[in-house]
Amino acid sequence: MVTGSSEIGIPEDIRDIVKGAITGLHGLVDAEVLPMEQSMGDTLTDERKFFDERGKATDEVMEARKQVRMKSAQAGYYAMFAPESVGGGDLGVRTMVFVEEALYRRYGPGRPLITWAKGFLSQPTLASFVDGPSHMLGPVTESVRKEFIPRISSGEQTVCFALSEANAGSDVWNIQTKAKRDGDDWVINGSKQ
């Protein structure tokens, strides 16, 4: 268990890496993200201000999340768990568990600029497979790698991950939907739930 920057329960072989990541990430959040939260006032806590009339996060919220992603990426934290082949730090899942636990212990859940909150399955401080660079981008073609991975790793763009299907549920290996490029557009055949 990690409490702040405690060493309790952190395996010795990754202890220094975890402590450094926790210290750095907490410093980034304290210096950059908490002031952003404060400047946005109740926009982040009042659903009537957080969501627009369509039920989507407002442009202001989405831009703030993008700025946090980009600041975290610039500081070296956003993609630190992703493989090096997709612009990450290759610290892996073992390190991620302790860093994420420390992040949540310090700042708590429900902070849309820091942790998972308000229906987002991602957090702008740290990339995951649903929105940022991850092992899932490993097999992409070289042209996709050149065009998209730098912007994804920098936090400028995110990945969209649509999983559930009627005949596959959340079994990734049985997904049937296909996307095919058609000129400047994409044609998607299949359905998602």
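This is a predicted model: local features need pLDDT of at least 70, side-chain atom pairs count only at pLDDT 80 or more; totals for chains, interfaces and linings use all residues.
A pair of aromatic rings is described by the distance of the centres and the angle of the planes. When the whole structure is searched, two aromatic pairs are found. In one of them, the ring centres of phenylalanine 50 and phenylalanine 51 are 4.8 Å apart and the ring planes meet at 70°, so this pair is edge-to-face, since planes over 60 degrees apart are counted in that way. Phenylalanine 50 has a relative accessible area of 0% and is therefore buried, whereas phenylalanine 51, with a relative accessible area of 26%, is partly exposed. The rings of phenylalanine 50 and phenylalanine 120 also form a pair, with centres 6.2 Å apart and planes at 75°, so that this pair, too, is edge-to-face. Because phenylalanine 50 lies in helix α2 (residues 47–50) and phenylalanine 120 in the loop between α4 (92–107) and α5 (142–153), the pair ties together parts that are 70 residues apart in sequence. Through these ring pairs, Phe50, Phe51 and Phe120 are linked into a cluster.

Arginine 65 itself is located in helix α3 (residues 59–75). Although arginine 65 is buried, it has no salt bridge, and the nearest side chain of opposite charge, that of aspartate 131, is 5.2 Å away; a salt bridge would require the charged atoms to be within 4 Å. The side chain of arginine 65 does, however, reach the backbone oxygen of proline 112 at 2.5 Å. When neighbours within four places in sequence are left aside, the residues in contact with arginine 65 are Pro112, Leu113, Phe120, Ser122, Gln123 and Pro124.

A further buried residue is isoleucine 10, whose relative accessible area is 2%. Isoleucine 10 is found in the segment before α1 (15–40), and its C-alpha atom is separated by 26 Å from that of alanine 31, which stands 21 residues away along the chain.

Methods:
Residues are numbered from 1 along each chain as its sequence is written. Side-chain values use heavy atoms; hydrogens and water are left out. Helices (H or I, at least four residues) and strands (E, at least two) are DSSP runs, numbered from the N terminus. Buried means under 20% relative accessible area, exposed over 50%, partly exposed in between (1.4 Å probe, protein chains only). Rings of Phe, Tyr and Trp (its six-membered ring) pair if their centres lie within 6.5 Å; planes under 30 degrees apart count as stacked, over 60 as edge-to-face and the rest as tilted. Lys and Arg count as positive and Asp and Glu as negative; His and the chain ends are not counted. A polar contact is a pair of N or O atoms within 3.5 Å; within protein, one must be able to donate a hydrogen and the other to accept it, and residues adjacent in sequence count only if both atoms are side-chain atoms. Contact means heavy atoms within 4.5 Å.
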